[in-house]
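Here's a quick tour of a protein model for someone new to reading structures. Grab the viewer and follow along.

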Amino acid sequence: MEELLKLEHVTKAFGENVVLNDLSLTVHQGEVLVIVGPSGCGKSTLLRCMNALEPIQSGKILLGDEPVDGRSANVTKIRQRIGMVFQSYDLFPHKTILENIILAPMLVQKRKKQEVTEEAERLLDRVGLLEKKNNYPRELSGGQKQRTAIVRALCMHPELILFDEVTAALDPEMVREVLDVMLELAESGSTMVIVTHEMQFAKAVADRVIFLEHGKIVEEGTAEAFFEHPKTERAKSFLNTFVFDSPKKKTSQEAAIG
């Protein structure tokens, strides 16, 4: 598969606290890469560095041949190519769901309102939210807000979508509706990097899994290899805290979450 995003010897620190330690990895076109690990291991910081939301102290990050650097003149264009969905939704409370989605494509990409609106409505229909297009965020459930945030990212036509613990703040009943949308995206060939604590979902959706601890990659491999035959004792002990269903990779209709 063609390389899309590449990190080479990336180090990120907050003061004396080294969060990412000489980390290198590659994300390939059409791949679903899932990053797992204990809390505080650097997963969310890694995603934020991939999108130039956090500066790095050393190493480099490349999207194709373009450097991902918040100080670079091309950072706005880079961020248009890398979508990100946050745990906290970050929807504008004073704008409707439709207005939240079409704002960036119109302002940043200078696209016509009618074109963007039609696309937003198609995507909202795809995730079961078309009837909510004129509602405000306060009128939606957490799961509906998160699906809206996913549509907002998709409407920018990103080459890569980053998902940062997007179900962490949701009630269990709402988790499934968000993960089903992400499973559908994975099956349609979207390139995604997902940070999650939902191990059953990770097992169902991932092409490749990275296990991170203390800012280093402790283990990586296919979903089947990582979940069924972990190589390191640390990965084994981490996985032993979770209960899993059948080892086969599931479709969005079959996936049992949790």
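Predicted model: local features only at pLDDT ≥ 70, side-chain atom pairs only at ≥ 80, totals over all residues.

Residues are numbered from 1 along each chain as its sequence is written, and side-chain values use heavy atoms, with hydrogens and water left out.

**The largest pocket**

- The largest pocket has a volume of about 540 Å³. A pocket here is an open set of points on a 1 Å grid over the protein atoms alone, where a 1.4 Å probe fits, with protein on both sides within 12 Å along at least five of seven lines. The volume is the space filled by probe spheres set on those points, which are joined across faces, edges and corners.
- Its lining is made of 21 residues, and Arg-79, Met-84, Ala-104, Arg-152 and Met-156 lie nearest the centre; a lining residue has an atom within 4 Å of a point.
- Helix H2 (75-81), strand E6 (82-85), helix H3 (97-107) and helix H5 (142-154) each give two or more residues to this lining. Helices (H or I, at least four residues) and strands (E, at least two) are DSSP runs, numbered from the N terminus.
- H3 supplies the largest share, six residues.
- Sorted by class, the lining has 13 nonpolar, five polar and three charged residues. Ala, Val, Leu, Ile, Met, Phe, Trp, Tyr, Cys and Pro count as nonpolar, Asp, Glu, Lys and Arg as charged, and the others, Gly among them, as polar.

**The second largest pocket**

- This one has a volume of about 180 Å³, and 15 residues line it, with Ile-56, Gly-59, Val-68, Asp-69 and Arg-71 nearest its centre.
- Strand E4 (residues 58-63) gives the largest share of the lining, four residues.
- The classes here are seven nonpolar, four polar and four charged.

**Helices H5 and H6**

- Among the elements covering the buried residues of H5 are E6, H3, H4, E7 and H6.
- The end C-alpha atoms of H5 are 19 Å apart, which agrees with the 18 Å its 13 residues should span at 1.5 Å a residue. The expected span is 1.5 Å times one less than the number of residues.
- Helix H6 (residues 172-187) has 16 residues and reaches 23 Å from its first C-alpha to its last, close to the expected 22 Å.
- The buried residues of H6 include Val-175, Val-178 and Leu-179, and their cover includes H5 and helix H7 (199-205).
- Just after H6, Gly-189 has a positive phi of about 95°.

- Not counting residues up to four places away in sequence, Ala-104 touches Gln-109 and Met-156; contact means heavy atoms within 4.5 Å.
- Asn-74 sits in the loop between strand E5 (66-67) and H2, and counts as buried because its relative accessibility is 16%.
- The side chains of Asn-74 and Glu-66 are joined by a polar contact of 2.7 Å. That term means a pair of N or O atoms within 3.5 Å; within protein, one must be able to donate a hydrogen and the other to accept it, and residues adjacent in sequence count only if both atoms are side-chain atoms.

Terms used:
Buried < 20%, exposed > 50% of the residue type's maximum accessible area, 1.4 Å probe, protein only.
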